[in-house]
Amino acid sequence: MAASLLRVDKQAPARGFDPRALRREFPIFTTHPGLVFLDSGASAQKPRSVIDGIAEFYRSDYANVHRGVYSLSARSTDRFEEAREKVRAFLNAADEREIVFVRGATEAINLVAQSWGPAYLKAGDKIVISDVEHHSNLVPWQMLCERVGCLLVVAPTDATGEFDLAAFEALLTSRTRLVAVTHISNVTGTLLPIERIVQLAHGKGAKVLVDGCQAVPRMPVDVQALGCDFYVFSGHKAYGPTGTGVLYGRYGALAAMPPWQTGGGMILHVGLDHTEFQDPPHRFEAGTPDIAGAVGLGLALDFIESVGREAIAEHEQALTGYAVDRLSRIPDVQLVAGGQHRLSVLSFNLDGVHPHDVGTVLDQHHVAVRVGNHCAQPLMDKLGLAGTVRVSLGVYNDEADIDRLAVAIEACREMFLR
Amino acid sequence: MSSETAMDLRELYQDIILDHGRHPRNFHALEHPTHLARGHNPLCGDRVTIYLAVEGERIADVSFEGRGCAISTAAASLMTEVLKGKTVAEARALFAQFHARVTGGEAGEPPEALQDDIERLEPLTGVKAFPVRVKCATLPWHAFEAALKTGLAGDTVKTE
């Protein structure tokens, strides 16, 4: 099951996968040699190829896109559109017109909520989300519900942290218009069965949006195989620059959506009384885009491909197992359930110690983790927790990092629980 | 852990902090408060409610409830201890002194009468070396100040 969800061939070993060697590709670890970085789920560190590639683009190829007749502008446009093609290939989308560049997953979800939402939803319609959603895949739908009078329905995960497919199926009705769920929980690491969710949702005529922020940097993602209508992710969690992100939408869906933001670059013809808009993706890219950001995102995806997504998934899956095993053997550590298909993200608490205090002690040991509610307050309320300590992995992490984490947790116990 | 790391952490988590963090004093609601306010740190989810019983110019009783990290719990606990019996003016002067000491600001020469209380709060000044934790120490004080301002209107102060 895990293998099929992940599309990782268990027989193929991660040949030559060497986190220590990969770490050398990330200048941050040269600047901070002792750093144990376990917060890639919040934002990943950047490889040299991305950092240098962006600078090189500004030095050599930069001009505004889709505007100038001069050759430099044409070259810049080529680099920008080349990045779009890289994203298309990366997600295995059918057509590069299905790739819209945005500032991040948050903006992508807001785009769908504000463009598609009011055009297709009416009072009494239903939007289904899961109970492990990040606020960015919850609040835009709440706002939409208030605006058009539709209802937000929450599909539960069970006590083991697994998405409850039977409960989800029971919540679907002929009024369900949209299912918006995460691919991997940013708190528990639970991998959701997207293909099955899509089949069930489509069976009721509902569209499906998937938040791929945690999945894109660490496992193969094929939007056609998943069958979803929208797939979103942030570039900065995928080793790319901040301020970049992607909305994938099936062309038919995008073409039937009204513009969101308006301005330059997204119009065909402007008269004083009427404006005709471009087709997707340009219809949704008003204003000068983050050109160098898109180029940098393309380089980040090149980096991921050069390491190999199956190799990354296999490495992080093994390391997640190691971390779960290592932490569960420390007294007073309580792991938050993450289901059978947990990948790269895990949350825990040290019984009797506030996560904030744990975070400070870990930081003094140069172990960077995220503490708090992880933009998932409803999930914290459900679990009865004020917050958690979250560990999330990247290509540069190895077992030695987890061992350093364990030592730092022992120091917390020594300080607070002796 | 290097000895330097251990020392820094012990500056922050002194025994008195750990003790008040584990066993907070005056940790209950007041039955008949004259003032109350809530403090909320959205960053870490910490919440604290400060209750005051002010008689004339004097703080006759003060207590708190809530959940938070060792620093914010100890800060609230120590605050209730030093505020009990103070006049409102003395309490405000004490906050100004405390705030300056944890943020590295200037508060001028402290009044002689508050010297003992300032010393009592001294263990919390270890947060100065941990900028992201300063708000944990000041949250209960900000809530206290809000309570003085709003009486029973139940204002909420946020650190963000």
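Axes are lines fitted to C-alpha atoms, for helices over the stretch in contact, and the angles between them run from 0 to 180 degrees between N-to-C directions. This is a predicted model, in which local features need pLDDT of at least 70 and side-chain atom pairs count only at pLDDT 80 or more, while totals for chains, interfaces and linings use all residues. Residues are numbered from 1 along each chain as its sequence is written, and chains are lettered from A and ligands numbered from 1 in the order in which they are written.

**Exercise 1.** Find the angle at which helix H2 and helix H3 of chain B cross, and the residues that meet there.

*Solution.* Begin with the helices, which, like strands, are DSSP runs numbered from the N terminus (H or I, at least four residues, for helices; E, at least two, for strands). The axes of H2 (residues 15-22) and H3 (residues 70-83) of chain B come within 8 Å and cross at roughly 85°. H2(B) is therefore roughly perpendicular to H3(B), a term that covers angles of 65 to 115 degrees.

Next, take the contact itself, where two residues count as touching if their C-beta atoms, placed from the backbone, lie within 7 Å. From H2(B) come B:Ile17, B:Leu18, B:His20 and B:Gly21, and they meet residues of H3(B) that include B:Ala70, B:Ile71 and B:Leu78. By class, this contact has six nonpolar, four polar and no charged residues, where Ala, Val, Leu, Ile, Met, Phe, Trp, Tyr, Cys and Pro count as nonpolar, Asp, Glu, Lys and Arg as charged, and the others, Gly among them, as polar.

**Exercise 2.** Trace the open sheet of chain A and name its edge strands.

*Solution.* Seven strands of chain A follow the order S2-S8-S7-S6-S5-S3-S4, with mixed pairing; two strands pair if DSSP finds at least two bridges between them. At the edges stand S2 (99-102) and S4 (151-155) of chain A, each of which pairs on one side only. S2(A) runs antiparallel to S8 (residues 245-249) of chain A and is joined to this strand by four bridges, and A:Val100 has A:Leu247 in S8(A) as its bridge partner. Finally, helix H5 (residues 71-91) of chain A lies across S2, S7 (230-234) and S8 of chain A, at about 120° to S2(A).

**Exercise 3.** Describe how chain B touches chain A.

*Solution.* The contact takes 16 residues from chain B and 15 residues from chain A. On the side of chain B, helix H1 (residues 3-12) gives the most, with three residues, and that side has 10 nonpolar, three polar and three charged residues.

Terms used
Parallel < 35°, antiparallel > 145°, perpendicular 65-115°, else oblique.
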